[in-house]
Amino acid sequence: MFGRRYRFKKSQLSIFFIVLFLSVKVPVKSQVLIALLFGDKLNSDKLEFGLLAGPNFSNISNSDAQWKAGLGLGLYFNIKLSDNWFFHPEAVPKSPFGGKSIPVYNLNDPNLDTSFQNGSITREISYISLPLLFRYRIKGLLFAEAGPQLSLRTNVSDIFQVDMAGGELEFIKKVENEYTRFDFGAVIGLVMKLKRDNGMGIGIRYYYGFIDVMKTMSGSQQNSGLFVYVSFPVGGVKEKKESP
C-alpha cells in the first residue's frame, strides 16, 4: 500500500521514543527546549520533527455553552511512508477544551449564589492529547489528515464571572471529580505545506469526541474543537555528502 518501507536508524528510533515520552511529561517551556535539542538529530528526508501552535476553539454539547478560544501547542512527527502517504503522530501537552457563557448553577452558598445569579460560567478543561493521524497528499502541497485522538485530562475549572459596578467579580471552582479522566474522539483536517514534504505548514482540523465527559449531568456532554495551526520543523535536513 505504501510502497517502499522506511526504516529508522537504531539511534534515530531511540531518540524518537525518548522525545515522544518526554513531550507528554514535561511542561510546555521544557517541551520547546527538547524540540530545539533533538531537532537536528531527528529530521531527515523521510522524517520531519517540529512544533505546532495556534488558536483552538472548543465547545461542549448539551451544556448551553458558546465556543471558547484557547491556544494549543505541541510536538509532531511526520513520517513519510510513500510519496503520498504519511504517518503523523503528535504530543500536545497544551490542549484546551471547554466552553463559555454557561448558565450558573447553585453553589450552596447564599452569598456566592446571590453574587453570581446574573453571571455566567467559563469551563476550562485542560488535556494532554495524542493525535495519531495519517496524511494523504491530495495534490501538490495540499494534504488531508484524519485519525483518532486520545486525551488525558489534567484539570477542570468552572470560572464564575459577573460584571458589577466596581468591576468584574470572579470565583473559581475545581470540578475534576465530575469529569472523566480520559477523552477519545476523531480528527479530520486539511494541511497546506509551504515547501514539499519537510517544511512549514498551515492547517485546520476539527475534533469530535465520542465520550460523555461529564459524569454528574444527564444527557451526553461531548467535547468538540476547531484547531487552526502553524507547524514548522525544528533543525534541518542534512544534505548527503557526495562521495569523492
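This is a predicted model: local features need pLDDT of at least 70, side-chain atom pairs count only at pLDDT 80 or more; totals for chains, interfaces and linings use all residues.
1. Overall make-up. The protein has 3 helices and 9 strands. Read from the N terminus, the order of elements is α-α-β-β-β-α-β-β-β-β-β-β. The chain counts 244 residues, and 42% of them are buried. Among contacts with a separation of 6 or more, 66% join residues 24 or more positions apart. The accessible surface is about 13,300 Å², with carbon and sulfur atoms contributing 60% of that area.

2. Salt bridges in general. The model holds 6 salt bridges. A network of these bridges links Glu90, Arg135, Glu145 and Arg205.

3. Arg135 and Glu145. The closest N and O atoms of this salt bridge are 3.0 Å apart. Arg135 belongs to strand β4 (residues 120-139) and Glu145 to strand β5 (residues 142-164), so the bridge ties together parts that are 10 residues apart in sequence. Arg135 is buried because its relative accessible area is 3%. Glu145 also counts as buried, at 1% relative accessibility.

4. Arg205 and Glu145. The side chains of Arg205 and Glu145 meet in a salt bridge with an N to O distance of 3.0 Å. Arg205 sits in strand β8 (residues 201-209) while Glu145 sits in strand β5, so this pair ties together parts 60 residues apart in sequence. With a relative accessible area of 6%, Arg205 is buried.

5. Asp83 and Lys80. Asp83 is partly exposed, with 48% relative accessibility. Lys80, in contrast, is buried at a relative accessible area of 13%, since the limit for that class is under 20%.

6. Negative patch. Four acidic residues, Glu124, Asp163, Glu168 and Glu170, gather on the surface in a patch of negative charge. Of these, Glu170 is placed in strand β6 (residues 167-174). Its relative accessibility is 44%, so Glu170 counts as partly exposed.

7. Positive phi values. Ser101 has phi near 60 degrees, which is positive in a residue other than glycine. This serine lies in strand β3 (residues 85-102) and is partly exposed, at 31% relative accessibility. Asn108 likewise has a positive phi near 60 degrees and is not glycine. Asn108 is located in the loop between β3 and α3 (110-115). At 71% relative accessibility, Asn108 counts as exposed. Both residues can be checked in the structure above.

8. Gly74. This glycine is part of strand β2 (residues 68-80). Gly74 is buried, its relative accessible area being 0%. Leu51 is 23 residues away from Gly74 along the chain, yet their C-alpha atoms are separated by 5.8 Å.

9. Phe57. Strand β1 (residues 47-60) contains Phe57. At 30% relative accessibility Phe57 counts as partly exposed. Beyond its neighbours within four places in sequence, Phe57 is in contact with Trp67, Lys68 and Ala69, and also with Ser224, Gly225 and Leu226. Pro96 is 39 residues from Phe57 in sequence, with a C-alpha to C-alpha distance of 8.5 Å.

10. Val175. This residue lies in the loop between β6 and β7 (182-193). Leaving out residues up to four places away in sequence, Val175 touches Tyr105, Val156, Ser157 and Asp158. The C-alpha atoms of Val175 and Ser157 are 5.8 Å apart, although 18 residues separate the two along the chain.

Terms used: Residues are numbered from 1 along each chain as its sequence is written. Side-chain values use heavy atoms; hydrogens and water are left out. Patches are made of residues with over 30% relative accessible area and no salt bridge: like charges are joined within 9 Å, nonpolar side chains (Val, Leu, Ile, Met, Phe, Trp, Tyr) within 5 Å. Accessible areas come from the Shrake-Rupley method with a 1.4 Å probe; for residues, only the protein chains shown count as cover. Lys and Arg count as positive and Asp and Glu as negative; His and the chain ends are not counted. The place of a charge is taken as NZ of Lys, CZ of Arg, CG of Asp or CD of Glu. Helices (H or I, at least four residues) and strands (E, at least two) are DSSP runs, numbered from the N terminus. Buried means under 20% relative accessible area, exposed over 50%, partly exposed in between (1.4 Å probe, protein chains only). Contact means heavy atoms within 4.5 Å.
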